[in-house]
Each structure stands twice: as structure tokens, then as C-alpha cells.
Amino acid sequence: MTTILPDDGELSDAFSAGSEAALRAVYDRWSPLVHTLALRALRDPMAAEDVTQQVFVKAWRRCASFDPERGPLGAWLVGITRNCIADALAERARQAPAADPTIVEETAVAPEPSFDLAERALVAGELDRLDDEPRRVMRLAFYEDLSHREIAERLQIPLGTVKSHIHRSLARLRTRLEVIE
């Protein structure tokens, strides 16, 4: 039986405390986004599955270091995803010379910046679709790396409102990425 945690605050707290039920909920909620990002960058379903697994293993091992005040859980997982993707691309480039020299050329043409560009364009497009207040909240969270509390103070809105805007906006982004996949 899966425990459903009602909001990101509770889920984040339970995850950082090491709750296995929270890990399951985090995986259920964020693995489609993680997999989509990996698949887009690597263009290999097996490699994307490996990266997805690596992300959640690393996240679980580091769950105590997650600090919800520094940013949302989804953003933290995306950061881990980017690192795992970079590692996978580097490993592919290291192994390619022995296998096929043409693969080196494909991976050596800076796939990470194109991934960044595509990711930024997608995020920017989705942010532009948000209403004014959620858009301001998300820009402060992602571009200025402010904590929930700092955003609430800067915009002079309740902390719960900030968390709700972030939760709904990330859910919308996740849904959009799943549709595009």
C-alpha cells in the first residue's frame, strides 16, 4: 500500500528524514520528469533508465542533505539528474574511441549546452504561460535560487502561497514534459 502525502512540504520533510514511503512517493511523482530529461539528453532509452535509477539512488543516499529551505525537491532532483546525465555523456565519450570513432564526434559536439538550451527554452516558455504571481515566484526560485521563505519575504506573500505556486507550477511543467515526450 502506497502512502500518499498531501503536500510537498510534508513529502520533503518525510523524504529528508529517510522515510521509505516518501521515497516511493518522490519516485512516483518525479521519475517521469527525470526520465524525460535523461532521454532527451542521451537519446537512448536504456541509458535514460540507468540515469533515472542513478538519480534516485543518489537522492536516497543524500536524503538527509536535502534542505527544503534552499529550494523545492523537484529542483534538487533535476540538479542531480543533470549531474548524472553529464556523467553518462562523459562515460559515453570515454568508451566511444574503442567502439566507433564516429560516436566520439557526435558526443564531442557539446551535447550538454544544447540540453541546457532546450531545457531553458522549455522552462522559459512554461513560465511565460503562468499568471503573474506564480511566474514571479518561479523565477525567484529557479533563476535567483531563493528559498521559499526568502521568496515569501521578498514578495510579501504567505509562505504557504509560495509553496502552492511552486508545487502547481512544477506539476504543470512535469505534465508538459510528459506530453512532449
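Buried means under 20% relative accessible area, exposed over 50%, and partly exposed in between, with a 1.4 Å probe and protein chains only. The model is predicted: local features need pLDDT of at least 70, side-chain atom pairs count only at pLDDT 80 or more, and totals for chains, interfaces and linings use all residues. Residues are numbered from 1 along each chain as its sequence is written, and side-chain values use heavy atoms, leaving out hydrogens and water.

**Exercise 1.** Decide whether Phe-15 is buried or exposed.

Solution. The relative accessible area of Phe-15 is 0%. This is under 20%, so Phe-15 is buried.

**Exercise 2.** Classify the ring pair of Phe-15 and Trp-76.

Solution. Rings of Phe, Tyr and Trp (its six-membered ring) pair if their centres lie within 6.5 Å; planes under 30 degrees apart count as stacked, over 60 as edge-to-face and the rest as tilted. Four aromatic pairs are found in the whole structure. For Phe-15 and Trp-76, the centres are 6.0 Å apart and the planes stand at 70°, so the pair is edge-to-face.

**Exercise 3.** Classify the ring pair of Phe-66 and Trp-76.

Solution. The ring centres of Phe-66 and Trp-76 are 5.2 Å apart. Their planes are at 50°, so this pair is tilted. Phe-66 itself is buried, at 5% relative accessibility. Ring pairs join Phe-15, Trp-60, Phe-66 and Trp-76 into a cluster.

**Exercise 4.** Find which residues Arg-135 touches, not counting residues up to four places away in sequence.

Solution. Contact means heavy atoms within 4.5 Å. With those neighbours left out, Arg-135 touches Leu-127, Asp-128 and Leu-130. Arg-135 is also buried, its relative accessible area being 16%.
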